[in-house]
Amino acid sequence: MWLWIHKLGSPPHFYRIAGLLTPWFGWSAGVLIAAGVVSGLFFAPPDYQQGDGFRILYVHAPSAWMSLFTYIVMAVAAAIGLIWRMKVAHAVAASCAPIGAAFTAVALFTGSVWGKKMWGTWWVWDARLTSELILLFLYLGYMALRSAYDDHQKADRASAILALVGVVNVPIIHYSVVWWNTLHQPASVTKLAAPSIDPSMLLPLILMFFGFNILFGALLFTRVRGEVLMRERNADWIRERVSQL
Amino acid sequence: MIPRTGMMRAATLLIERDLRLAFRRASQLCHPLVFFLVVTTLFPLSLSPQPSQLRDIAPGVLWVAALLSSLLALDALLKSDAEDGTLEQLVLSGQPVVVLVAAKTLAHWLVGGLPLVIISPLAAMSLGVAPDAMLVTAEGLLMGTLTLSFLGSVGAALTIGVRRSSVLLSLLVLPLAMPLLIFGARATDLAMAGEASSGPLYLLGALLAFTATLAPFAAAAAVRIGVE
């Protein structure tokens, strides 16, 4: 077990294993998302209040969930990299940021499209929208800090600290925004998802959920492979691989 | 190496040194204060000078201006010491870096944050805030600016080795400072409406306690990375 983890920590092994796993993840994500899209768009019944407009939920909710999940993965990878000085963990953290920012942007975009349909406005200062926006700023700050350093190792460790500070702050920011919001906004518009959801509507959502999670895995593996290649560009194992081509 | 000077002694010495250095360049101390007053002047000019409207925007204006001007000063927290090598010597001194960073942050707040709190009633008055609410605003800013200094010490430490770091520093620190803005402006708002404002003030205090205990550790780790 430990040996296996140690092997995973070495860039050539990780590169190889990630390369083997990527197509599996990519294809199963593709199948799940396709099934989710088809069942969500064609088979799920229209909502009794929102009509067909609610169907954007099938993209919005999974990407909002993934935007948070990615941040947590990034922070855990950053902590592992900081504590055990694992090169691959830093590469994982670095690769998480753009993916997470993309998920956050998708969640914000679909949220505002949905809001335009349901509330008649592109943007309201709803608690979820606001904390999602702040999350996007956190991702952008992380990426900006990374790109400000020329030295890879310094960038890794500085941004790892920022990711950890950020992950401690995310709940505080979230609850302060919720608290602020309940004082300022009428509660009528903030209720997005009814807790009772019909099974025929739930199934596509579950499919999309798993699809997005696995898609994240596939994207992450691909990005980490690229990151590993760039960092190890002077290493012997890459030279050997290239000469075998 | 075991240092002969005690930890607290080292911290007070460092605070003394930073304060002395700051007062040697006394005119620079005024810059954030003037900035604060200028920004609060911009709002009546750009919106409307009607007292009723000014009172509506006053909490937000005061807090945004305070955040921005203390953010501007943050860049100087570690930069000059990092450039002339002092910071390296501090790290090598054998004293716990956490304590040294916290001491530097405290000194920075004494010359940058505290004056802001003291002149905040002046700006509040110009925006038509009632005397009771001025006190609450000053209390809130007292805790808010100190919290921001500690938060900012992490950002400043992370950007030690970065060129043109001030914009990046703001980008890193501002999202983290949003709870401060929410609770601080809320406290002023409640006080101006004549209601009890202790709730948001307690929350500001909680944020201060939380940040002051944890941020120096993150900042110390970042300083170690920055100076190596």
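Me: Which helix is B:G226 found in?

Reply: This is a predicted model, and in it B:G226 is found in helix α11 of chain B.

Me: Does B:G226 count as buried or exposed?

Reply: B:G226 counts as buried, because it has 23 C-beta neighbours inside 10 Å and the cut-off for a buried residue is 20 or more.

Me: And which residues does B:G226 touch?

Reply: Not counting residues up to four places away in sequence, B:G226 touches B:A82, B:A157, B:I160 and B:G161.

Me: How far apart are B:G226 and B:L114 in space?

Reply: From C-alpha to C-alpha, B:G226 and B:L114 are 28 Å apart. In sequence, 112 residues separate the two.

Me: Let us follow one of those contacts. Where is B:A157 found?

Reply: B:A157 is found in helix α8 of chain B. With 30 C-beta neighbours inside 10 Å, B:A157 counts as buried.

Me: What is B:A157 in contact with?

Reply: Leaving aside neighbours within four places in sequence, B:A157 is in contact with B:L78, B:V101, B:A219, B:A222, B:V223 and B:G226. As for B:A222, its C-alpha atom is separated from that of B:A157 by 5.4 Å, although the two residues are 65 apart along the chain.

Me: Now the whole of chain B, please. How many helices and strands are there in chain B?

Reply: Chain B has 11 helices and zero strands. Its radius of gyration is 18 Å, close to the 17 Å that the globule rule gives for 228 residues, so chain B is as compact as a globular protein of that length.

Me: What does the C-alpha trace of chain B span along its principal axes?

Reply: The C-alpha trace of chain B spans about 65 × 30 × 30 Å. Buried residues make up 52% of the 228 residues in the chain.

Me: What share of the contacts in chain B with a separation of 6 or more comes from residues 24 or more positions apart?

Reply: Such residues account for 81% of those contacts in chain B.

Me: I also noticed two helices lying against each other. At what angle do α3 and α7 of chain B pack?

Reply: Helix α3 (residues 51-74) and helix α7 (residues 114-126) of chain B pack at an angle of about 145 degrees, and their axes are 11 Å apart. The crossing of α3(B) past α7(B) is right-handed.

Me: Which residues make the contact?

Reply: On the α3(B) side they are B:A58, B:L62, B:A66, B:S69 and B:S70, and on the α7(B) side they are B:L116, B:S120, B:A123 and B:A124. By class, this contact of α3(B) with α7(B) has six nonpolar, three polar and no charged residues.

Me: On to the partner chain. How many residues of chain B are in contact with chain A?

Reply: In chain B, 18 residues are in contact with 20 residues of chain A. The helices α8 (131-158), α9 (165-176), α10 (178-192) and α11 (198-227) of chain B each supply at least two residues of the side that touches chain A. The residues of that side divide into 16 nonpolar, one polar and one charged.

Me: What is the secondary structure of chain A?

Reply: Chain A comes to eight helices and zero strands. Buried residues make up 39% of its 245 residues.

Me: Could you pick one residue there? Is A:G111 buried or exposed?

Reply: A:G111 lies in helix α4 (residues 87-118) of chain A. A:G111 is buried, with 24 other C-beta atoms within 10 Å. Not counting residues up to four places away in sequence, A:G111 touches A:H60 and A:L129.

Me: Last topic: confidence. What pLDDT do the chains average?

Reply: Chain A averages a pLDDT of 84, with 91% of the residues scoring at least 70. For chain B the mean pLDDT is 88, and 99% of its residues reach 70 or more.

Me: Where is confidence lowest and highest among the helices of chain A?

Reply: In chain A, confidence is lowest in helix α1 (residues 2-9), at a mean of 71, and highest in helix α3 (residues 57-84), at 91. Over residues 186-191 of chain A, pLDDT stays under 50.

Me: And what does the predictor give for the complex?

Reply: The predictor gives the complex an ipTM of 0.86 and a pTM of 0.88.

Terms used
Residues are numbered from 1 along each chain as its sequence is written. Chains are lettered from A and ligands numbered from 1 in the order in which they are written. This is a predicted model: local features need pLDDT of at least 70, side-chain atom pairs count only at pLDDT 80 or more; totals for chains, interfaces and linings use all residues. Axes are lines fitted to C-alpha atoms, for helices over the stretch in contact, and angles run from 0 to 180 degrees between N-to-C directions. Helices (H or I, at least four residues) and strands (E, at least two) are DSSP runs, numbered from the N terminus. A crossing is left-handed if the near helix is turned anticlockwise from the far one by less than a right angle, and right-handed if clockwise. Two residues are in contact if their C-beta atoms, placed from the backbone, lie within 7 Å. Ala, Val, Leu, Ile, Met, Phe, Trp, Tyr, Cys and Pro count as nonpolar, Asp, Glu, Lys and Arg as charged, and the others, Gly among them, as polar. The radius of gyration is taken over C-alpha atoms; the globule rule is 2.2 Å times the number of residues to the power 0.38. A residue is buried if 20 or more other C-beta atoms lie within 10 Å of its own, exposed if 12 or fewer, and partly exposed in between; C-beta atoms are placed from the backbone. pLDDT is the predictor's confidence in each residue, from 0 to 100.
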